[in-house]
2 protein chains.
Amino acid sequence: MDRELVLGLDVGGTKLAAGVVDARGALVSSSWVRTPAGRADGPEQVWSALTSLAAEVLAAGGVTRRDLHGVGIGCGGPMRWPEGIVSPLNLAAWREFPLRDRVAAWLPGRPVRLHNDAVCFAIAEHWCGAARGSDAALGVVMSTGVGGGLLLGGRVVDGRTGNAGHIGHVVVEPDGPDCGCGARGCLEAVARGPALVWWALARGWLPGGLPGGVETGAGGPDAVQLAADARRGEPIAVAAFARAGRALGLALVSTANLLDLDVAVVGGGLSNAGALLFEPLMEELGIRLTMAYARRLRVRPTELGGGAGVVGAAALVLAGESYWSAP
Amino acid sequence: MDRELVLGLDVGGTKLAAGVVDARGALVSSSWVRTPAGRADGPEQVWSALTSLAAEVLAAGGVTRRDLHGVGIGCGGPMRWPEGIVSPLNLAAWREFPLRDRVAAWLPGRPVRLHNDAVCFAIAEHWCGAARGSDAALGVVMSTGVGGGLLLGGRVVDGRTGNAGHIGHVVVEPDGPDCGCGARGCLEAVARGPALVWWALARGWLPGGLPGGVETGAGGPDAVQLAADARRGEPIAVAAFARAGRALGLALVSTANLLDLDVAVVGGGLSNAGALLFEPLMEELGIRLTMAYARRLRVRPTELGGGAGVVGAAALVLAGESYWSAP
């Protein structure tokens, strides 16, 4: 096999995704499974699900482990970087899990590189998506959490500890709701999917218009249901997405003013709500983004969609000269 | 003359400063004057004051124009960069003033480089001050405005339009006071010197403890007076600096989370208030800065003080490999 192929893995609290990616950023094969997150699921259950998924996409692509030039991994933070020892906030089974080393043992002798999942999203959009050619780009993933990744001068900004890009912890409501990080009023505390669901329920949202029988937690109403209701015009659901859009807008104003950004690409499950999220966001930018240089900011929905995490992870290896700075 | 000498100029709405700087960042000579800002002072009055000042520091240093290897200029924004056509918010006489070209005509055939004054402050502290050796540093100037400059990976972050680093326009009070930029609740709107003075006066502050005879505007009470009263324990003045410290703290939390900062260096006139500003600032960080990577942030007062702007401007030429990216 002549093509340069890399396995991309995308590890999140909700799903595990994998794909075989070629040197142009195209997916040769890909698949995903729900992240095992039951009470009985320990670190090895999650690991086993990940390796099964990897085997599946290799088989589907007609590729063997030997054909791979390396593995790129995106994973929820926080993590020790570049060591790749991960403790994802939304994946309780893994605490100080040596993910990079485990994958390196699975594919000895090839580069295995790991970065924050939202950084991988941003990389993918810069490499071959909505931020192509940008000098100063932010990628934002609106999902169970709110993550981000930053590229300046066409290169990823890692930060010394690998944690740069965390727009989810820009403060947007100084007296706002408690955040999982221990602070309050962070963008993530206001605008992550579960926060929108809780906010709407507290204001009397009846998921699907059906009173009673509502459970939060597994099987309860989620942001997908909230978006469906918002699309039908349910006013509390509409207001919840507007709240998220405005909060993201405020964080983008601060970030664009601070970093002279060209483009912000917004992905993650919540971005599927489309205009329900983006219109209030753009309205906020229209009001608050005043300085000429900052008004250059373009906000775009993801071009790569659900595959971005896997493609960006693979880019850590396939386009390492731009996207990988660690030894 | 063998030493490599560069003229540094620092142009602000309150003062014009100049200095001859050697290759190690030491000031050979320096001086400053108040910026001509009367009604009759047009662009040429300001220009003339600046060239007189330059002639004075050259003479004081025993240096002629011919000895200079170049000129570095720090100036209040906004500006067209790297062209160096400036329209400083706080210097109404200059709108689209071609400062770089004017200085280049004054010293033909040598490099003349211009950047935001707060970026020059940050550069100076990174080159030979409180941020030496930092991988991710922010410099903040708290004065008539609130400016900033950013260095990542040991190099200045310009932004495509030269406007990166503007921490003064990170939003800290979404419903806060109107800002000169046209938005509201920016750090600058809350924490710049005049805003503190207005805030205190509106709450009954009597400058110097003396009722009556207070005029705002030229000759009226200023942040120096406010700091003097705060040092004597006047409660409204103390509260005004605490408000500024907390606002800066909030902006630093967002910035440290976003950029994985090592160090923030705080200078400008307001920083002379010392603990009155820094204690509330550190308290805010203690509460809001929760993630391990972000808690690495060190906040330090300026080491170079009033000379930082001039030294940083000169560094655009003297250490251009780190601090100058434009052609």
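This is a predicted model: local features need pLDDT of at least 70, side-chain atom pairs count only at pLDDT 80 or more; totals for chains, interfaces and linings use all residues.
Figure 1. Chain A contains eleven helices and twelve strands. Its radius of gyration is 19 Å, close to the 20 Å that the globule rule gives for 327 residues, so chain A is as compact as a globular protein of that length. The C-alpha trace of chain A spans about 55 × 50 × 35 Å along its principal axes. Of the 327 residues of chain A, 55% count as buried. Among the contacts in chain A between residues at least 6 apart in sequence, 66% join residues at least 24 apart.

**Figure 2. The five-stranded open sheet of chain A.** The strands of this sheet follow the order E3-E2-E1-E4-E7, and their pairing is mixed. Strand E3 (27-34) and strand E7 (112-116) of chain A form the edges, each pairing on one side only. Neighbouring strands of the sheet are turned against each other by 15 degrees on average, with direction ignored. Helix H3 (residues 117-128) of chain A packs on the sheet, where it touches strand E1 (5-11), strand E4 (68-75) and E7 of chain A. The direction of this helix makes about 100 degrees with that of E7(A).

**Figure 3. Antiparallel pairing of E2(A) with E3(A).** Strand E2 (residues 15-21) of chain A is joined to E3(A) over seven bridges, in the antiparallel sense. Which residue of E3(A) is the bridge partner of Ala18(A)? The partner is Ser31(A). In a regular strand the side chains alternate between the two faces of the sheet.

**Figure 4. Strand E4(A) and its parallel partners E1(A) and E7(A).** E1(A) and E4(A) run parallel and are joined by six bridges. E4(A) also pairs with E7(A) in the parallel sense, here over five bridges. E4(A) is mostly covered, with seven of its eight residues buried.

**Figure 5. The corresponding view of the open sheet in chain B.** In chain B an open sheet of five strands has the order E3-E2-E1-E4-E7, with mixed pairing. The edge strands of chain B are strand E3 (27-34) and strand E7 (112-116), each of which pairs on one side only. The twist from one strand to the next averages 15 degrees. Strand E1 (residues 5-11) of chain B runs antiparallel to strand E2 (residues 15-22) of chain B, and seven bridges join the two. Within this pair, Leu7(B) stands opposite Val20(B) in E2(B).

**Figure 6. Relation between chain A and chain B.** Chain A is superposed on chain B by a rotation of 180 degrees with 0.0 Å of shift along its axis, at an RMSD of 0.0 Å. The two copies are thus related as by a two-fold rotation axis. How do the surfaces through which the copies meet compare? Of the interface residues of chain A, 100% are also interface residues in chain B, so the copies meet through the same surface.

**Figure 7. The side of chain A that touches chain B.** Here 34 residues of chain A are in contact with 34 residues of chain B. The elements that give two or more residues to this side of chain A are H7 and helix H9 (292-295) of chain A. H7(A) gives the most, with seven residues. By residue class, this side of chain A divides into 18 nonpolar, ten polar and six charged residues.

**Figure 8. The surroundings of Leu259(A).** Leu259(A) lies in helix H7 (residues 235-259) of chain A. Is Leu259(A) buried or exposed? Leu259(A) has 26 C-beta neighbours inside 10 Å and therefore counts as buried, the cut-off being 20 or more. Leaving aside neighbours within four places in sequence, Leu259(A) is in contact with Ala136(A), Gly159(B) and Ala164(B). Asp175(A) lies 84 residues from Leu259(A) in sequence, and the two are 25 Å apart in space, C-alpha to C-alpha.

Key. Residues are numbered from 1 along each chain as its sequence is written. Chains are lettered from A and ligands numbered from 1 in the order in which they are written. Two strands pair if DSSP finds at least two bridges between them. Helices (H or I, at least four residues) and strands (E, at least two) are DSSP runs, numbered from the N terminus. Axes are lines fitted to C-alpha atoms, for helices over the stretch in contact, and angles run from 0 to 180 degrees between N-to-C directions. Two residues are in contact if their C-beta atoms, placed from the backbone, lie within 7 Å. Copies are superposed by least squares on the C-alpha atoms of residues with pLDDT of at least 70 in both. The radius of gyration is taken over C-alpha atoms; the globule rule is 2.2 Å times the number of residues to the power 0.38. A residue is buried if 20 or more other C-beta atoms lie within 10 Å of its own, exposed if 12 or fewer, and partly exposed in between; C-beta atoms are placed from the backbone. Ala, Val, Leu, Ile, Met, Phe, Trp, Tyr, Cys and Pro count as nonpolar, Asp, Glu, Lys and Arg as charged, and the others, Gly among them, as polar.
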